[in-house]
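Biologist: I'm new to this one, so could you put it up and walk me through the contacts between side chains, and then the pockets?

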Amino acid sequence: MAERATHRDRLRALEFEAFVAGAGGRLLHTATLLTGEPSQPPGAYDRAEALLRAALARTYADWDRLHGGDPYDRARRELALRFAREARRHQRPRGGVLDRLTPIERLVLVLRMYEEVGEEQTAALLGLPGDRIRAVCARAVATLRAAGPRRGVPGRGTGAAPAPRRTP
C-alpha cells in the first residue's frame, strides 16, 4: 500500500512539474505585471516570484482536487486572489509599465487584457459586480492613454514628427 502511495505521489509531482514547465513563464510574467516590478534584469522581481511561489504551492496542494479542471485557471485564480489580499504591499511604483495604476486597476487590467479573462469571469473571481469591473477597466485604460507614450521606447513618440506634405 505504501508503494502505491509513493508511486501516486511521484506521478503527481511529475504532472505538476510538467505543468509548471509549460505555464510557469506566463504565470511569472502575469505576477510581474501585477506587482509592477520591472522584468529586467533577471532576479529583479522578488515580489512577483514570491507571489507566484505561493500561488503554485496552493495549486500543488489542491492538485488532486482539480479532477480534470484546468490547473492554469486555478493557478491564475490563486495568483489574482493573493495579489488582491496583499495589494497594499504593491502600491509603490516600481518602474513597471503599469506603475500609474492602483492595485485593483492593475489586477483587472492584467486579467482582462493580458490573460483575456472574460468580464463575468473576472467579476466572479474578484467578487465584484460586472459593471464595477467594466468601470475599473475603462478607468485603467484611460489612465494609461492619458499618460501617453513612454519616453525612450522606440517607435513610441521618441522621433521627430514627419514633415507635412505640401500639395501643389
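Biologist: Is Arg12 buried or exposed?

Modeller: Arg12 is buried, with a relative accessible area of 16%, where buried means under 20%, exposed over 50% and partly exposed in between, with a 1.4 Å probe and protein chains only. This is a predicted model, in which local features need pLDDT of at least 70 and side-chain atom pairs count only at pLDDT 80 or more, while totals for chains, interfaces and linings use all residues. Residues are numbered from 1 along each chain as its sequence is written, and side-chain values use heavy atoms, with hydrogens and water left out.

Biologist: Which residue does Arg12 form a salt bridge with?

Modeller: Its partner is Asp64, and the closest N and O atoms of the two are 3.5 Å apart; a salt bridge here is a side-chain nitrogen of Lys or Arg within 4 Å of a carboxyl oxygen of Asp or Glu. The pair links distant parts of the chain, since Arg12 is in helix H1 and Asp64 is in the loop between helix H2 (46-61) and helix H3 (71-85), 52 residues apart. Helices are DSSP runs (H or I, at least four residues), numbered from the N terminus.

Biologist: And what ring does Arg12 lie over?

Modeller: Arg12 lies over the face of Tyr60, at 4.3 Å from the ring centre. The rule for a charge over a ring is that NZ of Lys or CZ of Arg is within 6 Å of the ring centre and within 35 degrees of the ring normal. The charged end of Arg26 likewise sits over the ring of Tyr114, 4.4 Å from its centre.

Biologist: Back to salt bridges, how many does the structure hold?

Modeller: There are twelve. One of them joins Arg74 and Glu78, at 3.3 Å from N to O, and these two are four residues apart in helix H3, so about one helical turn separates them. Both ends are buried, Arg74 at 15% relative accessible area and Glu78 at 6%.

Biologist: Which network of salt bridges includes Arg74 and Glu78?

Modeller: The network links Arg58, Asp62, Arg65, Arg74, Glu78, Arg82 and Arg85.

Biologist: Last topic, which helix gives the most to the lining of the second largest pocket?

Modeller: That is H4, with four residues. A pocket is an open set of points on a 1 Å grid over the protein atoms alone, where a 1.4 Å probe fits, with protein on both sides within 12 Å along at least five of seven lines, and lining residues have an atom within 4 Å of a point. The lining includes His29, Leu109 and Tyr114.
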